[in-house]
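Dear colleague,

Please find the structure below, followed by a summary of what was found in it.

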Amino acid sequence: MRDLDEQSITNEVLGAVSRTADPRVQQVSKALIRYLHAFIREVEPTQAEWEFGIDFLTRVGQMCSDVRQEFILLSDTLGVSMLVDAINHRKPEGATETTVFGPFFVENRPALPLGANMAPGAPGTPLFVSGSVRDVKGMPIAGATIDAWHSDEEGFYDVQRGEELQMRGRFQADDDGRFWFWSVRPKYYPIPHDGPVGQMLQAQGRHPFRPEHVHFMIAAEGCETLVTHLFIDKDPYLDSDVVFGVKNSLVTDYAERSPGVAPDGSQIEVPYLVLDYDFVLSRKAKR
Ligand code: BEZ
Ligand code: FE
């Protein structure tokens with residue numbers, strides 16, 4: 001292993017990992033080496049550019065904390081998260097499509113009864129969210145767990161404001177697989193862009209925005225857990241989501257309603273919006 005040059009070095013490095021005991025680790029190591037070397041051959045970085053790259057990755061790591069995962073943001077903004085999602089969620093026909101999880105889910109979200117308001121006292125247009133959870137054969141999934149979370153009317157999540165948990169909750173579908181709750185209309189927002197990923201977006205001439213959406217995570221025994229969002233039609237960022245998460249089947253629209261008796265029988269004195277969607281879960285394959 002001497003006198004390696006531009007041509008011979010790749011095979012030598014591949015050979016060095018060829019005794020890796022775990023076959024998957026060996027496969028991943030070899031693919032990483034082949035693609036990294038091909039990348040370097042294509043780009044031909046100067047020494048200064050190589051140093052910049054190392055410094056960029058170092059800063060991505062240094063930006064990470066309990067509440068910030070800059071590497072996932074990097075994966076999201078390079079389309080890697082959605083590619084991994086697509087590979088891992090090849091769903092049967094009719095099942096609701098998936099999209100990115102995002103960094104704003106919290107484990108200690110409140111468990112709320114059906115019909116509860118996730119945003120008591122929050123400013124914004126009242127939003128009634130309802131729908132059903134079924135399997136691909138159309139059978140209702142009674143008792144499915146529905147987690148929902150979204151930004152406030154200015155595009156901030158509660159955890160970004162550092163206040164009490166708001167605009168998030170965990171609900172249990174009724175015996176017909178139905179769920180409903182109140183909140184306020186969210187807004188499009190920029191992903192955290194005060195770090196190296198934000199600098200990368202700026203250098204690439206890209207904006208940091210995600211279109212208006214409500215996150216859902218829906219789980220039920222015997223079913224694949226669904227992680228998805230609902231997007232709102234005509235949002236200015238639907239065709240340029242910075243994390244490439246929009247799918248046509250997830251784009252829906254609010255129904256505008258006048259004051260009066262709401263779908264849950266309550267009386268509402270101001271105009272409000274209704275977001276209604278039927279989710280379809282795929283059953284886990286039997287082993
Ligand atoms: C979100 O929708 O919450 C999100 C997803 C990916 C990156 C940042 C935010
Ligand atoms: Fe989000």
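In what follows, Ala, Val, Leu, Ile, Met, Phe, Trp, Tyr, Cys and Pro count as nonpolar, Asp, Glu, Lys and Arg as charged, and the others, Gly among them, as polar. On that basis the shell around ligand 1 consists of seven nonpolar, three polar and two charged residues.

This is a predicted model, in which local features need pLDDT of at least 70 and side-chain atom pairs count only at pLDDT 80 or more, while totals for chains, interfaces and linings use all residues. Residues are numbered from 1 along each chain as its sequence is written, chains are lettered from A and ligands numbered from 1 in the order in which they are written, and side-chain values use heavy atoms, with hydrogens and water left out.

The residues around ligand 1 (a heavy atom within 4 Å of it) include Leu-73, Asp-76, Tyr-189, Arg-210 and His-213. Polar contacts are pairs of N or O atoms within 3.5 Å. An oxygen atom of ligand 1 lies 2.6 Å from a polar side-chain atom of Tyr-189. For the side chain of Arg-210, the distance from an N or O atom to a ligand oxygen is 2.6 Å; for that of His-213, 3.0 Å. The protein covers 100% of the 270 Å² of accessible area (Shrake-Rupley method, 1.4 Å probe) that ligand 1 has on its own.

Tyr-189 also forms an aromatic pair with Phe-104 (ring centres within 6.5 Å; planes over 60 degrees apart count as edge-to-face). This pair is edge-to-face, at 6.3 Å centre to centre and 75 degrees between the planes.

Yours sincerely

Methods:
Polar contact = N/O pair within 3.5 Å; in protein donor to acceptor, adjacent residues only side chain to side chain. Phe/Tyr/Trp six-rings, centres within 6.5 Å; stacked < 30°, edge-to-face > 60°.
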